[in-house]
Amino acid sequence: MINGISIYEILTITTIIFFIGVYGFLTRKNLITMLLSIELILNASAVNFVVINTYLFPENLQGVFFSIFIIAIAAAETALAVAIIINLYKLVTSVEVEDTETMKY
Amino acid sequence: MTLESFLLMRQELVLLAVILLLVIGEIFSNNKKGLLNFAIGLFVVHTVIGFLPMQEGTVFGGMFRSTSLIHLFKNVLNVGVLIILLQSADWIKEKVVPENKSTEFFILMFSSLLGMYYMISAGDFLMFYLGLELSALPVAALVAYETTKRKSAEAGIKFILSAALASGTSLFGVSLLYATTGTIHFEEVAAIISYSNLSLLGFIFFFTGLAFKISLVPFHFWTADVYEGAPIGIASYLSVISKGAAVMILMIVLFTVMKPFDIVTHNMLYIVSLATMFVGNLFALRQQNMKRFLAFSSIAQAGFILLGIMSNDQLGVATVVYFVGIYVFTNLAAFGVVQSISLQTGKENIDDYNGLYRTNPKLSLVMMLALFSLAGIPPVAGFFGKFFLFTAAASQGMYLLVFLAVVNVTISLYYYLLVIRAMFLRKSKTAIPYFDNKIYMKLGLVIAVVGILFIGLYSPIYDYIFEISKL
């Protein structure tokens, strides 16, 4: 808990971060930045869990534990996505969405 | 905790043992082709052990639960994966073994199956999320498995990015649900949760992640591309196993946890189901590639499954499980034929199938049976599956929806018959020449066909499912 800052401010910020992530995912044309947007989404949820736990339900630690798992899984996800992107880069020498797309409709 | 309650996780433990044995086998063996037989043999043992009866109960303070229905569902998934392994065996032998990465294929696939076990057995949101990710990440690696093929890499990146977005959204929804209830256990959430704007938002975000896995319509864009680019065995895995497990957990969560949202759920599923059926069927009409064709057909089938989920009672649960069981065998038969032809000749378009009956009558018959079952023509199992689904929906008074679903069945019949016409009526000078399938592929197709015929005609199966259909 932080003195002088209520849960409303923090939840507002995490929600804004979440939607920045969604917006970035939908508009960005580069695979790496799309991956960054997904990280924003996951981190917004992780902060959400910690904040809700400490402010509203401090008697047990479910939210904090959940956020630890989220961080671990986010790392695994990023590693796998970067591996696939590197392989794609070897084949197309580009990480732009427009250059990689061949299959449509 | 006693050993007895620990053994409720028998399926998971045996599968974990299989994975570890494969790792050890990879280290100590010199004969990589032998490992293929070793892996399939181990999985057969696992499948057989799975059919032994098991108790009901919960472990780890309710995080992991097992009921007869979940146990049965795991067995269905096992049989499905076994068929996929048999059908992919030749592909693995020809393409994967020379690159010396066949064991990873099995380890990834079994890990993903393990994730699905944990997902459908989940008793709280943490377990659910871990299962969801464990089932999705290895599949992404498998989709991008043919590292020299451009399409495979493209499909892989599409799958991992959209899967991550969907699960991230779902996670944000879970955090909102946690904010309203203060707990992540399904049972406690069900007791506390009430209708409010925040919990409703959380519920809808949560639904997104599962809708992505089932490829319901607003979230279906990845499906056709991924199926086309992925190795065919993995495409069938995605369309059958992954979808089936997601349907099961969606049903459990909707019925047990999200009770206060009954009306919202009903309206939402109504619209999503209609959109899924129409989009799937109408897009399937214009496909030329068999994999894309089956992808859109599987989207349409997901729309039919929602009909059963909407009816929200014992009948609904039983029909959905029954339909998924039939769908596993049916779709795998169709994918098996596509895979065997693609492996032998590299052809995947519907036009390439012209005159197939004259050269390969057995394969054409299997394909015909599978397509008839997908369309729901009476003597085969697919008809009974659809019939029960429509009965369950009609018993809730959703006559308009059932009518529109029947319209969709008619549309689907048209494009399934296009393939059958190509195989049986069209003639072609460049028809695919006769070839003989290897033993594993034959076995895979035979099990699928026996499943299609047996489940439809042997009614005690449905009675048994109905009896144990409590969530």
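Predicted model: local features only at pLDDT ≥ 70, side-chain atom pairs only at ≥ 80, totals over all residues.
Side-chain values rest on heavy atoms, with hydrogens and water left out, residues are numbered from 1 along each chain as its sequence is written, and chains are lettered from A and ligands numbered from 1 in the order in which they are written.

To start with the interface, 42 residues of chain A are in contact with 47 residues of chain B, contact being heavy atoms within 4.5 Å. Between them the chains bury about 3,800 Å², with 75% of it on carbon and sulfur atoms; buried area here is the accessible area (1.4 Å probe) that two parts lose on being put together, summed over both. On the chain A side, A:Gln62, A:Phe66 and A:Met103 lose the most area to chain B, and together they make up 19% of what that side buries. Polar contacts across the interface come to 3 residue pairs, both residues at pLDDT 80 or more. A polar contact is a pair of N or O atoms within 3.5 Å; within protein, one must be able to donate a hydrogen and the other to accept it, and residues adjacent in sequence count only if both atoms are side-chain atoms. Helix 1 (7-27), helix 2 (31-56), helix 3 (62-92) and helix 4 (97-100) of chain A each put at least two residues into the side that touches chain B. Helices are DSSP runs (H or I, at least four residues), numbered from the N terminus. Helix 3 of chain A gives the largest share of that side, 16 residues. By type, the chain A side splits into 28 nonpolar, 10 polar and 4 charged residues, where Ala, Val, Leu, Ile, Met, Phe, Trp, Tyr, Cys and Pro count as nonpolar, Asp, Glu, Lys and Arg as charged, and the others, Gly among them, as polar.

A:Phe66 turns up again in the largest nonpolar core, which has 220 residues; A:Phe66, B:Phe110, B:Phe125, B:Phe128, B:Met258 and B:Ile309 have the most contacts inside it. Such a core is a set of buried Ala, Val, Leu, Ile, Met, Phe, Trp, Tyr and Cys residues joined through side-chain atoms within 4.5 Å. Buried means under 20% relative accessible area, exposed over 50%, and partly exposed in between (1.4 Å probe, protein chains only). Leaving aside neighbours within four places in sequence, B:Ile309 has contacts that include B:Val247, B:Leu250 and B:Val320.

As for charges, the whole structure holds 10 salt bridges over all chains, each a side-chain nitrogen of Lys or Arg within 4 Å of a carboxyl oxygen of Asp or Glu. The interface of chain A and chain B has 0 of them. B:Lys74 pairs with B:Glu12 at 2.8 Å between the closest N and O atoms. B:Lys74 lies in helix 4 (residues 68-96) of chain B and B:Glu12 in helix 2 (residues 10-28) of chain B, so the bridge ties together parts 62 residues apart in sequence. Both B:Lys74 and B:Glu12 are buried. In the salt bridge of B:Lys149 with B:Glu146 (3.5 Å, N to O), B:Lys149 is partly exposed at 41% relative accessibility, whereas B:Glu146 is buried at 14%.

Finally, B:Thr330 sits in helix 14 (residues 314-345) of chain B and is buried, with a relative accessible area of 2%. The side chain of B:Thr330 reaches the backbone oxygen of B:Ile326 at 2.8 Å.
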